[in-house]
Amino acid sequence: MTSSLPLLLLDVDGVLNPFAAPACPPGYTEHEFFPGEEPVRLCRAHGPWLQELATRFQIVWATAWGADANRFLAPLLQIPDLPVIHFPPIPFHPRDKLPPVIRYAGQHPLIWIDDALPPQAHAWAAKRRIPVLLIGIDPAEGLTRPVIEQSLRWADHLG
């Protein structure tokens with residue numbers, strides 16, 4: 001990690017893929033990446049939104065997808081490959097994301113966007129001396145434009 005930009009840690013399932021929606025939401029298309037598993041719902045609008053965020057943040061995959069996020073999602077969203085935080089093998093509890101996130105974050109300000117932020121993440125953020133913003137996402141709704149705007153405003157206040 002060589003960027004001086006703040007980090008934006010991005011989950012996939014529940015954030016880019018609103019898996020909990022009862023049906024595929026408008027603006028999303030379903031993709032069969034993993035035979036025998038639920039289709040993945042993606043919104044093409046997220047690509048330009050992520051490109052916009054990349055002008056203010058170093059975006060990092062913080063997802064159980066690992067490198068598969070670059071393999072499957074980056075081309076569809078028309079974004080470059082992103083760094084990946086390595087988590088334990090799946091299945092794992094959401095709290096198990098925290099130690100790798102803490103190691104990766106180091107002394108960088110960051111936003112962490114996830115649909116399953118555990119209480120331990122909130123406790124860590126509350127006592128962290130370096131700016132951090134945790135943004136919880138409704139896994140039935142996924143990433144929305146207001147979250148993008150909130151993130152951009154947060155970055156502006158850091159500057």
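## A helix, a strand and a pocket

Let's start with helix α2, residues 68-77, whose buried residues are A69, N70, F72, L73, A74 and L77. Keep in mind that this is a predicted model. Why might a helix show such a pattern? An α-helix has 3.6 residues a turn, so residues three or four places apart point the same way. The cover over the buried residues of α2 includes β3 (40-43), α1 (46-53) and β4 (58-61).

Now over to strand β5, residues 110-114, where you'll find L110. Is L110 buried or exposed? It counts as buried, because its relative accessibility is 0%, and the cut-off for buried is under 20%. Setting aside neighbours within four places in sequence, L110 touches L7, L9, A105, W124, R128, P131, V132, L133 and W154. How far is L110 from F72? The two sit 38 residues apart in sequence, and their C-alpha atoms are 25 Å apart in space.

Last stop: the largest pocket, with a volume of about 590 Å³. It is lined by 24 residues, and D13, F19, T63, A64 and W65 are the closest to its centre. Here is how that lining divides up:

| Kind of lining residue | Number in the largest pocket |
|---|---|
| nonpolar | 11 residues |
| polar | three residues |

Technical notes:
Residues are numbered from 1 along each chain as its sequence is written. This is a predicted model: local features need pLDDT of at least 70, side-chain atom pairs count only at pLDDT 80 or more; totals for chains, interfaces and linings use all residues. Side-chain values use heavy atoms; hydrogens and water are left out. On a 1 Å grid over the protein atoms alone, a cavity is a set of points where a 1.4 Å probe fits but cannot get out, and a pocket is an open set with protein on both sides within 12 Å along at least five of seven lines; lining residues have an atom within 4 Å of a point. Grid points are joined across faces, edges and corners, and a volume is the space filled by probe spheres set on the points. Ala, Val, Leu, Ile, Met, Phe, Trp, Tyr, Cys and Pro count as nonpolar, Asp, Glu, Lys and Arg as charged, and the others, Gly among them, as polar. Buried means under 20% relative accessible area, exposed over 50%, partly exposed in between (1.4 Å probe, protein chains only). Helices (H or I, at least four residues) and strands (E, at least two) are DSSP runs, numbered from the N terminus. Contact means heavy atoms within 4.5 Å.
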